[in-house]
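Subject: Structure for you to look at

Hello,

Here is the structure I said I would pass on. Please open it first, then read the notes on its pockets below.

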Amino acid sequence: MLENIYTELIAEHSQSKENRRQLENATITERGHNPTCGDEITLSLEIADGVIRDAAFTGEGCAISQASTDMMIELLRGKSVDEAKRLAELFIAMIHGEIDDDDELAELDEAAALKNISTMPARVKCATLAWHTLDTAIKHSDGDSLA
Amino acid sequence: MNKNFLNDFPILRTQMNGQPLAYLDNSATTQKPENVVRSICGYYGGCNANPHRGVYELSQKSTKVYEDARRKVAKFINAKSAREIIFTKNATESLNLVAFSYGLTNLQAGDEILITIAEHHSNLVPWQIVARAKGAKLNYIYLTADGNLSEADISAKLTRRTKILAVTQISNVLGLVNDVKTLAAKAHEVGAVVIVDGSQSVPHIPVDVQDFDADFLAFSGHKMLSPMGIGVLYGKQKILDAMPPFLTGGDMIEYVTEQETTFAELPQKFEAGTQNVGGAAGLTAAIDYLQSVGFDEIARVENDLTTFAISELKKIPYVELYGCDAPNKVGIVTFNIRDVHPHDVATILDAQGVAIRAGHHCAQPLMKFLGVNSTCRASFYFYNTRRDVERLIDAIKTVRGVMKLH
């Protein structure tokens, strides 16, 4: 069980410092919080013309939440906001065990490696924290553009 | 494992993730012995009726089960009278009852409530709300380096303005025993009312409410072998008599007219609606079981396991311990593994059959005070063994490897 969760890939992403920073030209910053464990992340996105030009995060949490956030950020760069929203929905559906077809999940790239978390109910919130935060950030950025 | 305990707690013979269960989350809830489970089945199988209401024999039987439990609890904590025992669903409800009934009625703007930084959220959040509602100030006693309450803070902050002192007898994170008897005496000198959270103490050490002389004591049944959903508030009769009801409705009234209600006497005044009689039956059986084991034996086993766990953990260079150097410690060991988040630790231990708690332990202000986001906690009860501790230590030693930290 453990070797399917704590893989080299997860270890690498959870320890990576590359995406862990303040984004200078952030157009939206969203704080995500998991009250049951106290984990929190702050996600920053630089969005221009409906495209995510750059993304970064700061925060503290378990290896699963940190790796998930790191992989999400790498996936987001260069994607349109609409695509990002769809990918977040796909990831959350995967973690909730609603989609397990590997072909369908392929576009999640490395983040598809977290599929096994769907068998660990206690860790679902860790894996989805960043993606729910992304979803909220996009909702807020929609609100901003409407305003 | 003592053979009797193994027979009495069949769940301890089960497996978790294909490994024998080492249950080390007793501060969250304890396991239930067979006599407790049987007492609940026995109640629902042979005595179930709504208590206090029916004139028929079965209802009287149910009433007797419930009131016998009250007398049992009164004797167990040495209350003067069974009327001082209010049944609630847990310590959280007991503490909310005191905060919202006593606190809202008696506090005035400018008054002060004094609690400790080591309180569980259940003895902290209600006081925040009541303080805000009444314009009172919420003050904190902080800790010294060893995790004990700062005497300087107690002297400086317990003043004539302090109307309420609410303090845990044993911290659910650090496992340190506070001297509530001395605290209560000091608080009474300045005219404050004293509320003790006994959630972690009543299951583990003898508690005598007349001896320590607190005004209120709250505890949960489920942390002392009973089913979930039954808890206790002890209060001195004179104070309880003067307090307004907390929850209102059925069974707590004397007369109800269209616009007015007069309330029942203690303890019914604070027990609105149909009560958890099955839970009370379980609590009676749990107290019987605890008394058959004896608090001397409970202390002996828990001290041995705690001392053993701490000495083994101290040998591991990448383990950080919290509150483990003070002598007044009971059954709880809180730690972190360097560079590994407690949730990952708990998952890795879970895979090896070892159940511990990871997180903020419903004590976020304490976590902040300790400078951590969360911790791991192993907590023991008398049915645990040195083998359980050895398995904890062995599993801890695998953690950094699983996390690819070498």
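**Notes on the pockets**

By class, the second largest pocket is lined by 12 nonpolar, five polar and five charged residues. Ala, Val, Leu, Ile, Met, Phe, Trp, Tyr, Cys and Pro count as nonpolar, Asp, Glu, Lys and Arg as charged, and the others, Gly among them, as polar.

This is a predicted model, in which local features need pLDDT of at least 70 and side-chain atom pairs count only at pLDDT 80 or more, while totals for chains, interfaces and linings use all residues. Residues are numbered from 1 along each chain as its sequence is written, chains are lettered from A and ligands numbered from 1 in the order in which they are written, and side-chain values use heavy atoms, with hydrogens and water left out.

A pocket is an open set of points on a 1 Å grid over the protein atoms alone, where a 1.4 Å probe fits, with protein on both sides within 12 Å along at least five of seven lines; lining residues have an atom within 4 Å of a point.

Helices (H or I, at least four residues) and strands (E, at least two) are DSSP runs, numbered from the N terminus.

The largest pocket has a volume of about 600 Å³. Among its 29 lining residues, A:Gly61, B:Arg338, B:Asp339, B:Val340 and B:His341 are the closest to its centre. E13(B) gives the most here, with three residues.

Regards

Technical notes:
Points joined across faces, edges and corners; volume = space filled by probe spheres on them.
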